[in-house]
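Open the model and find your way along the chain. We will stop at a few loop residues and look at their surroundings.

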Amino acid sequence: MLIDEVQIDVHAGNGGHGSVSFRREKFVPKGGPDGGNGGKGGDIYFIGVSDLGALLQFQSKKEIRADDGKPGTAKKCEGHGGADLLIRIPIGTSVLDLLTNKTVEIETVDQKVLIAKGGWGGKGNFELRSASNQTPMSALPGKPGAFTTLLLNLRFIADVGFIGLPNAGKSSLLNALTNAHAKIGNYPFTTLEPNLGKMDHLILADIPGLIEGAHNGKGLGTKFLKHISKTKLLVHCIDSSSEDVLGDYKTIRKELEEHDESLLSKPEIIVLTKSDLVDKKEMKKKVTALKKLKKEILVCSVLDDEELKILKQKILTI
Ligand SMILES: Nc1nc2c(ncn2[C@@H]2O[C@H](COP(=O)(O)OP(=O)(O)O)[C@@H](O)[C@H]2O)c(=O)[nH]1
Ligand SMILES: [Mg+2]
């Protein structure tokens, strides 16, 4: 399972309280103040990782807390600081702070971003001495750690996105070209989440359920349309046994346009899938119907190694 959107609460550690304490020495009945400062609360950082599954850590844990600082103690001892937390976040995640409405993008591996700062420790009564008050009888409390609510959104999942109507053969192609084990079925919506596979250095994704109306929440498309936005190439799959290949193409293009117009200018190749199901003459007609789009058109069957090889080479040239 791939988690691509999750809301979490983050609480940095609170600062430890300052201490109220007085020196105790033999023959000095009333020693001066010696209460130490509280320790600082732990900070929370995000760090970029290449593991796309890293958001899975939030599946059952939606609240992240860093340790509080410890209180100060006698003899001017400062309390221990709370340990900082380093949270692994997949690159391509945008982090929206729902309280400030600011967004940070996690873009590179090892990128470290301070998300919530721990509170400073309170001053102990030793540090609070002043000219007017040499023996403060109180100390300051630690400051609370920063708190916020974040919406994490994983966008950048693949170099190449396979799009097309349900049943067009996207998952089958992904499996044939990569190490993925996507579910295949002769019914719509087998693919409920994007399937990823690796082909040489490229990550290929099978983007599920793009259907008419997906952009306004019908079907399963909306959730996944965003994954297309950062791919370098779209492989538009059209079932060559369809009666209206051009209509199928346009349906998907309309979805893309209504979601985000800029998707239309992405490099795209058209693949007429399941080529084994139609004869040569019919295939020629289908290719001709798509020719006027002035896009690269390939025909491919998962049963034909030669056609698969050509498709692979084409994808690798991006
Ligand atoms: N004959 C034939 N059937 C195919 C081919 N590719 C996919 N199919 C079948 O078409 C149906 C839908 O395929 P699937 O990959 O699940 O489509 P998706 O919904 O686009 O992911 C399945 O029954 C597949 O077995 C192909 O190249 N040739
Ligand atoms: Mg599928």
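A side-chain polar atom of Ser 242 lies 3.1 Å from the backbone nitrogen of Asp 244. This is a predicted model, where local features need pLDDT of at least 70, side-chain atom pairs count only at pLDDT 80 or more, and totals for chains, interfaces and linings use all residues. Residues are numbered from 1 along each chain as its sequence is written, chains are lettered from A and ligands numbered from 1 in the order in which they are written, and side-chain values use heavy atoms, with hydrogens and water left out.

Where is Ser 242? Ser 242 sits in the loop between β12 (233-239) and α3 (245-259). Helices (H or I, at least four residues) and strands (E, at least two) are DSSP runs, numbered from the N terminus.

The side chain of Ser 242 also makes a polar contact of 2.8 Å with the side chain of Asp 248. A polar contact is a pair of N or O atoms within 3.5 Å; within protein, one must be able to donate a hydrogen and the other to accept it, and residues adjacent in sequence count only if both atoms are side-chain atoms.

Is Ser 242 buried or exposed? Ser 242 is buried, at 14% relative accessible area. Buried means under 20%, exposed over 50%, partly exposed in between (1.4 Å probe, protein chains only).

Now take Asn 101, in the loop between β5 (93-97) and β6 (103-106). Asn 101 is exposed, at 61% relative accessibility. Its phi is positive, near 70°. Most residues other than glycine have a negative phi.
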